[in-house]
Amino acid sequence: MEGPRSPREAELPHVLDFLTKNLRSEAPWSIAAEYPTALTSNNIHNMRIIADEDRVVSHAVMKPLIIKSPHVIYKVGAIGSVVTDDKHRGQGLSTQIINDCLKSATEQSCDIAILWTDLFDFYRRMGFELAGSEISFVIEENFDVPPINLRFSTDPKVSPDAIYRLYSSHSVNSVRTIEETRKFLAIPETKVYTAWEPNGQLAAYAIEGKGIDLGGYIHEWGGSVSKLMALFSFIRVQKNQPFTVICPRHATNLIEQMQRKPVTMNQGFLGMIKLVNFDQLAAKIKRAFRAEGVSDIVLEKHPDHFLFGIGQDLYTINNETDMVRLLFGPIDYRAIGIFKEETVQKFEKIFPLALWIWGWDSI
Ligand SMILES: CC(C)(COP(=O)(O)OP(=O)(O)OC[C@H]1O[C@@H](n2cnc3c(N)ncnc32)[C@H](O)[C@@H]1OP(=O)(O)O)[C@@H](O)C(=O)NCCC(=O)NCCS
């Protein structure tokens, strides 16, 4: 058994073949088509394999993302395509590979690592915890909005520049290039819905589906709230079946408008998160608080606990996973009742940290 290590360039087709056979056996496309920025030779140094006599038997990939938000610029290591050949399972191979991805994320100055899974207990053993927030709305019924002077389209041939322009206006988003947007638009099973101004400018977009995942889910969208609502109304008529819109908790205007409609709102987690460079993240958070006029925030990591609070209103947090939920949510500071009201009010200037990862970046 050899590894974990990065594949060599010449091994890449073999690695992609292993992943496609194990994770996409039913799909007529290569898994690389679904993750064009992660499973590519440009990111080969972040892929990890274990090989047995030249055969790949286990794999995971890490894709570093720069996420801009109003208060903090994060570096996030997104981990995905975790798989071990079925004859080699239960020997600790995936655990070794993920720990190696985490080491690499730490070395590359990521603040946190994140992944999306339903194997919660498997990843809890490695220190990940469900954290952050995601709001989703299931649009089941008619979704009527007042008439608006827009032209709607399902033509997938949309210029990546136009999508990119609206994407760039989000308050929380990853740093992407137009070329990356072009690659994301080409992912199999991607449906593109657009709304156009009379002058031909893109007013709103919504993206559904991503390879074998996210069919029936709008996982990327952009444009002003009123134009998006009109676009969702068009999608409801067009699809003639229910669909779900995923959105960040800080999209308060959209959430408010959606709640006035006959939709089902669900609250979930952004993903499973693990802290990988606590001191670096703490320094960013303290800087953000200082910019808001709060200079006495305490956020310290000690060998067996964290010290957290403002001024003299301090608490000891024993678990890293509790710390993750305090920073990114969904813990409600007021409801837990341990901090003074004035501390809670100061916390609320920054916490929970606005962190969001749009669907195309999930791996
Ligand atoms: C999940 C998977 C990657 C684990 O690979 P692996 O190399 O066997 O993992 P490890 O040997 O490091 O760890 C196995 C341990 O995890 C546990 N485990 C496996 N699946 C689990 C699950 N669904 N929930 C909780 N624990 C799980 C095993 O019981 C084993 O525990 P033990 O060591 O106490 O016996 C592998 O089963 C796999 O490839 N599954 C199919 C693809 C998949 O689901 N990938 C995850 C996508 S997020």
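1. Start with strand E4 (73-84). E4 gives the largest share of the lining of the largest pocket, 6 residues. Keep in mind throughout that this is a predicted model.

2. Which other elements supply at least two residues of that lining? Besides E4, they are H2, H3, strand E7 (134-139), strand E12 (213-223) and strand E15 (271-275).

3. The largest pocket has a volume of about 1,400 Å³. Its lining counts 46 residues. Nearest the pocket centre lie Leu115, Trp116, Thr117, Asp118 and Ile363. By class, the lining splits into 24 nonpolar, 16 polar and 6 charged residues.

4. Where does the ligand sit? The space it takes is the largest pocket.

5. The shell around the ligand holds 17 residues. The closest are Val82, Thr84, Gly90, Gly92 and Thr95. Sorted by class, the shell has 7 nonpolar, 7 polar and 3 charged residues.

6. Look next at the polar contacts with ligand oxygen atoms. Gly90, one of the closest residues, places a backbone N or O atom 2.7 Å from an oxygen atom of the ligand. For Ser94, a polar side-chain atom lies 3.0 Å from a ligand oxygen. For Arg125, a polar side-chain atom lies 3.1 Å from a ligand oxygen. How much of the ligand does the protein bury? Taken alone, the ligand exposes 920 Å², and the protein buries 63% of that.

7. Two cis peptide bonds deserve a check in the viewer. Gly3 and Pro4 are joined by one, with omega about 5 degrees. Pro4 belongs to strand E1 (residues 2-5). Phe351 and Pro352 are joined by another, with omega about -10 degrees. Pro352 falls in the segment after helix H11 (341-347).

8. Glu53 is also worth a look. This residue is not a glycine, yet its phi is positive, about 45 degrees. Where is Glu53 found? It is in the loop between strand E2 (47-52) and strand E3 (55-68). Why list this point and the previous one at all? Because most residues other than glycine have a negative phi, and most peptide bonds are trans.

Notes: Residues are numbered from 1 along each chain as its sequence is written. This is a predicted model: local features need pLDDT of at least 70, side-chain atom pairs count only at pLDDT 80 or more; totals for chains, interfaces and linings use all residues. Side-chain values use heavy atoms; hydrogens and water are left out. A residue is near a molecule or strand if one of its heavy atoms lies within 4 Å of it. A polar contact is a pair of N or O atoms within 3.5 Å; within protein, one must be able to donate a hydrogen and the other to accept it, and residues adjacent in sequence count only if both atoms are side-chain atoms. Accessible areas come from the Shrake-Rupley method with a 1.4 Å probe; for residues, only the protein chains shown count as cover. On a 1 Å grid over the protein atoms alone, a cavity is a set of points where a 1.4 Å probe fits but cannot get out, and a pocket is an open set with protein on both sides within 12 Å along at least five of seven lines; lining residues have an atom within 4 Å of a point. A molecule sits in a cavity or pocket if more than half of its atoms lie within 2 Å of its grid points. Helices (H or I, at least four residues) and strands (E, at least two) are DSSP runs, numbered from the N terminus. Ala, Val, Leu, Ile, Met, Phe, Trp, Tyr, Cys and Pro count as nonpolar, Asp, Glu, Lys and Arg as charged, and the others, Gly among them, as polar. Grid points are joined across faces, edges and corners, and a volume is the space filled by probe spheres set on the points.
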